[in-house]
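I opened this model to take notes on its sheets, its helix packing and the contact between its chains. The entries follow in the order in which I looked things up.

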Amino acid sequence: MTTDASRGAEAPPDLVQLLTPEGERVEHPDYDIDLTPEEVRSLYRDLVLVRRIDLEAVALQRQGELGIWASLLGQEAAQIGSGRALTDADMAFPTYREHGVAWCRDVDPVKLLGLFRGVNHGGWDPKEHNFHLYTIVIGSQTLHAVGYAMGIQRDDANAATIVYFGDGATSQGDVNESFIWASVFNAPIVFFCQNNQWAISEPLERQTRIPLYRRASGFGFPGIRVDGNDVFACLAVTRKALEAARTGQGPTLVEAFTYRMGAHTTTDDPTRYRVASELEAWKLKDPIERVKAYLFKNEHADQEFFDSVAAEADQLGADLRRRCLALPDPGPLAIFDHVYSEPHALMEQERAQFAAYLEGFQA
Amino acid sequence: MTTMSLSKALNEGMRKAMEDDPKVLIMGEDVGKLGGVFRVTDGLQKDFGEDRVIDTPLAESGIIGTAIGLALRGYRPVCEIQFDGFVFPAADQIITQLAKMPMRSLGAIKLPVVVRIPCGGGIGAVEHHSESPEAYFTHTAGLRVVACSNPADAYTMIQQAIRSDDPVIFFEPKRRYWEKADVDTSSADWWTPLHAARTVRQGSDVTLLAYGPMVKTCLEAAAAAAEDGRSLEVIDLRSLNPLDEPAVMDSVRRTGRAVIVHEAPVNSGFGAELAARITERCFYHLEAPVLRAGGFSTPYPPSKLEEHYLPDLDRVLDAVDRTFGY
């Protein structure tokens, strides 16, 4: 095994791309998208705002306000493109890094922080947003998503499920089981793999010998590799895959070829295992810069627009910070809340004992 | 009143649950056409269709993981794990996802999933087919753990488990599948609550505490002891988590002696938790330490040795005798 210092510097084969890193629109025989200038400006705004949310969260962790944070830096286009392809009726199952998809599902960003601040394990109602809780154990949610998709089938509903996971997760048994389940039951699901090249310190070569999208053929459904830094292509490819799922054509694996620009989490130090030139090469493919270039070149936006989005981002960041600091710590008896949905004698017993113990300090 | 086997009682209970609620699904390996390797789901796919009685791929983590997803969509899946020793590939989905997701959601999510596990030995099976893994699950907060011991309970408890909004690990004593008894399928008036223990024989000298396959063994031991003039009370715990503490403690306070009987290894078995609780609650009533009769703290042996491994009438009576040695 060698470490390829130029990893990803060249475009890999079979890559669906509709917008080059330089902001040029390109055609693709199977995928196209017709976006109004307004829609492109809206995508640009999404990309900038979620990057700002992420930046603020990293800063909050550095200042001790969050225990940890998993940055999405570099993966904004994959998340916004796929997230904006969803209809309200579709259901999304994230990992713990899908802050951009959460944004598309109208989950208040401050609710994402609860998990990382340690005030709860997940602070939103999945049914309200059709956006499941973050799942930290790698790959487990792929099975939940397939089961949910089987429920959609039984309900005969016009909806699909999308499940997010990374390149590392493709080695998990659960992910492979979920491929089998989805395939044999023809479940309405899109497997959206953000291949960000790194599973903490382990490069893609430690997970696979073949391109990930080609795994799908062994399970009997289509696999597509899309430029994960191209929001147009991610939107187009995901839309088509979701529509196929909704119309009874079964699952699709989408490999969004992207790059984790930051550390795995705020506790990680990527300088120990990857070379700086790799990051530099990927910076040239930044998912936001290419949309900005496209808007500029085509005169779909002026400086005033970019300034207003930047100002909105700053406002969002400041607001997020203020509300993070205001998140109340849970009371000690919250330990016993929601462990069971129905009354449970042991919970009531231990809650009462602990309450009495705590009251002993009040006297 | 109908006479039926424990296996048939489970089948009838699931059939009733499926008739009562269209969201109830059965899923597992070979549960459809074959009706399960123990025939517990016999005929259900024929009557309810392949969408409700689902023959799954051969992957236990997949069964539980997709059941969670179906529950998130509003269904009530009843999963069959074919044998006790095959539950471990699903352990992550059960322990990390099924048990914890409702709490992680601050109560927004309910996961009414039943995991049926044929458990215990005594059928001459090859390895991994005779285990008693209940303590792994009673140790996991968020799960309810129950065990039926007779056809009447099998019929009611499976329906109660399916109606529960919490995940339930449902142990079935496989060596008792074919034993028959009367079951009243006409009304729910007589049903014991799912988490209540039941005194199945009254006595005054020693309390025997058992569940699942060992209840019958304890009843036989109590009958034999009666011939020697000893009066043993037998309690069928039925639910391990939550535990019906008042039923257990009331009995032990009266008898002053307790013997816990289970097939699982004694070391760190469910009996350890039970003994600790009895000691804490009944300390001044005890005439002897709480004793345990269980499997040895070894892997389950080859079937030629299982009669030595499993607690039987004599091992139970030996423990009873020892409680009088203090």
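**Entry 1. Strand 5 of chain B and its partners.** I began with strand 4 and strand 5 of chain B, which pair in the parallel sense over 3 bridges. In that pairing I found E80(B) opposite R116(B) of strand 5. The model is a predicted one, and I read each entry with that in mind.

I then turned to the pairing of strand 5 (residues 114-119) with strand 7 (residues 168-173) of chain B, which is also written as parallel, over 6 bridges. Here V115(B) stands opposite I169(B) of strand 7, and P118(B) stands opposite E172(B) of strand 7.

Is strand 5 of chain B covered on one face or on both? I found both faces covered. V114(B), R116(B) and P118(B) are buried on one side, and V115(B), I117(B) and C119(B) are buried on the other. The count for strand 5 of chain B is 6 buried residues of 6.

**Entry 2. The sheet of chain B.** I traced the sheet that holds these strands. It is open, has 7 strands in the order 3-2-4-5-7-6-12, and its pairing is mixed. Strand 3 (53-55) and strand 12 (239-241) of chain B each have a single partner strand, so one side of each has no neighbour in the sheet. From one strand to the next the twist averages 20°.

Next I looked for a helix on this sheet. Helix 7 (residues 151-163) of chain B packs on it and touches strand 2 (24-28), strand 4 (76-80), strand 5, strand 6 (144-147) and strand 7 of chain B. The direction of helix 7 makes about 165° with that of strand 7 of chain B.

**Entry 3. The UniProt record for chain B.** I checked which annotation covers this part. An unreviewed UniProt entry places the feature "domain: Transketolase-like pyrimidine-binding" at residues 4-179 of chain B. In the model, that span is 36% helix and 18% strand, and its end C-alpha atoms lie 8 Å apart.

**Entry 4. A cis peptide bond in chain B.** I noted a cis peptide bond between N241(B) and P242(B), with omega about 0°. P242(B) is in the loop between strand 12 and helix 9 (245-255) of chain B.

**Entry 5. Where chain B touches chain A.** I counted 35 residues of chain B in contact with 34 residues of chain A. On the chain B side, helix 3 (60-72), helix 4 (91-98) and helix 5 (101-104) are the elements that give two or more residues. Which of the elements gives the largest share? Helix 3 of chain B does, with 9 residues. By class I find 14 nonpolar, 13 polar and 8 charged residues on the chain B side.

**Entry 6. The sheet of chain A.** I moved to chain A and found an open sheet of 6 strands in the order 1-7-8-4-3-2, with parallel pairing. Its edges are strand 1 (15-16) and strand 2 (91-93) of chain A; each has a single partner strand, so one side of each is without a neighbour in the sheet.

Helix 6 of chain A packs on this sheet, touching strand 2, strand 3 (161-166) and strand 4 of chain A. The direction of helix 6 makes about 170° with that of strand 3 of chain A.

I also looked at strand 7 (residues 223-227) and strand 8 (residues 252-257) of chain A, which pair in the parallel sense over 5 bridges. G223(A) stands opposite L253(A) of strand 8.

**Entry 7. Two packed helices in chain A.** I took down the geometry of helix 2 (residues 76-83) and helix 9 (residues 231-246) of chain A: they pack at an angle of about 40°, with axes 7 Å apart. The crossing is right-handed. Helix 2 of chain A contributes A77(A), A78(A), I80(A), G81(A) and S82(A) to the contact, and helix 9 of chain A contributes V231(A), C234(A), L235(A) and T238(A).

**Entry 8. Positive phi in chain A.** N130(A) is not a glycine, yet has a positive phi of about 50°. N130(A) is in the loop between helix 5 (126-129) and helix 6 (140-155) of chain A. N130(A) has 18 C-beta neighbours inside 10 Å and so counts as partly exposed.

I found a positive phi near 50° at N186(A) too, again in a residue other than glycine. N186(A) is in the loop between helix 7 (173-185) and strand 4 (189-195) of chain A. Buried, exposed or partly exposed: which is N186(A)? N186(A) has 17 other C-beta atoms within 10 Å, so I noted N186(A) as partly exposed.

Definitions and conventions:
Residues numbered from 1 in each chain as written. Chains lettered and ligands numbered in written order. Predicted model: local features only at pLDDT ≥ 70, side-chain atom pairs only at ≥ 80, totals over all residues. Pairing = 2+ DSSP bridges. Helix = DSSP H or I, 4+ residues; strand = E, 2+ residues; numbered from the N terminus. Axes fitted to C-alpha atoms, helices over the stretch in contact; angles between N-to-C directions. Contact = placed C-beta atoms within 7 Å. UniProt positions renumbered as here; feature names shortened; annotations may be inferred. Left-handed = near helix turned anticlockwise from the far one by under 90°. Nonpolar A, V, L, I, M, F, W, Y, C, P; charged D, E, K, R; others polar. Buried ≥ 20, exposed ≤ 12 C-beta atoms within 10 Å, placed from the backbone.
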